[in-house]
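Biologist: Hello! Could you walk me through this protein, one question at a time?

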Amino acid sequence: MVTDPIADYLTRIRNAVMANHRVVEIPASRIKKEITKILFEQGYILNYKFEDEGIPGIIKIALKFHPVSKMPAINTLSRISKPGLRKYASHDKLPRVLNGLGIAILSTSQGIMTNKEAQKRGIGGEVLCYIS
């Protein structure tokens, strides 16, 4: 059993990017699926597929690289709120990642969303991670 499944998810993606893998497979959960959808909508990954075979299921993520320079679309993935120390932000103090170039993913009362979407809705929540 993994103590922090979100940190495990981010680490698997980070390791796959560093090893120049094109596809990474991750055990699925509802929150990981929502984070994957956000990464796709924001243009950080090329594509994804949910396979519900077996008990946990699998998320297959196709990583995105620049066609010429072979640089990955994801530069940094950092876990902010950890099981031992939760980090929360109110609607007026939502974090800005790389002065607006990156995103922060939040868990709010209305679901998982980016800091920009939470700002529009005027809600705060738990800051899960930063991605740039």
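Predicted model: local features only at pLDDT ≥ 70, side-chain atom pairs only at ≥ 80, totals over all residues.

Biologist: Is Thr114 buried or exposed, and what is its relative accessible area?

Modeller: Residues are numbered from 1 along each chain as its sequence is written, and side-chain values use heavy atoms, leaving out hydrogens and water. Buried means under 20% relative accessible area, exposed over 50%, and partly exposed in between, using a 1.4 Å probe and protein chains only. Thr114 therefore counts as buried, with a relative accessible area of 6%.

Biologist: Which residues does Thr114 touch, leaving out those up to four places away in sequence?

Modeller: Thr114 is found in β7 (residues 111-114); strands (E, at least two residues) and helices (H or I, at least four) are DSSP runs, numbered from the N terminus. Contact means heavy atoms within 4.5 Å. With those sequence neighbours not counted, Thr114 touches Ile38, Gln42, Ile103, Ala104 and Leu106.

Biologist: Which residues have the most contacts inside the largest nonpolar core?

Modeller: A nonpolar core is a set of buried Ala, Val, Leu, Ile, Met, Phe, Trp, Tyr and Cys residues joined through side-chain atoms within 4.5 Å. The largest one here has 26 residues, and those with the most contacts inside it are Ile13, Ile61, Leu63 and Ile105.

Biologist: Which element gives the largest share of this core?

Modeller: Elements giving two or more residues to this core include β1 (23-27), α2 (30-41) and α1 (5-18). The largest share, 6 residues, comes from α1.
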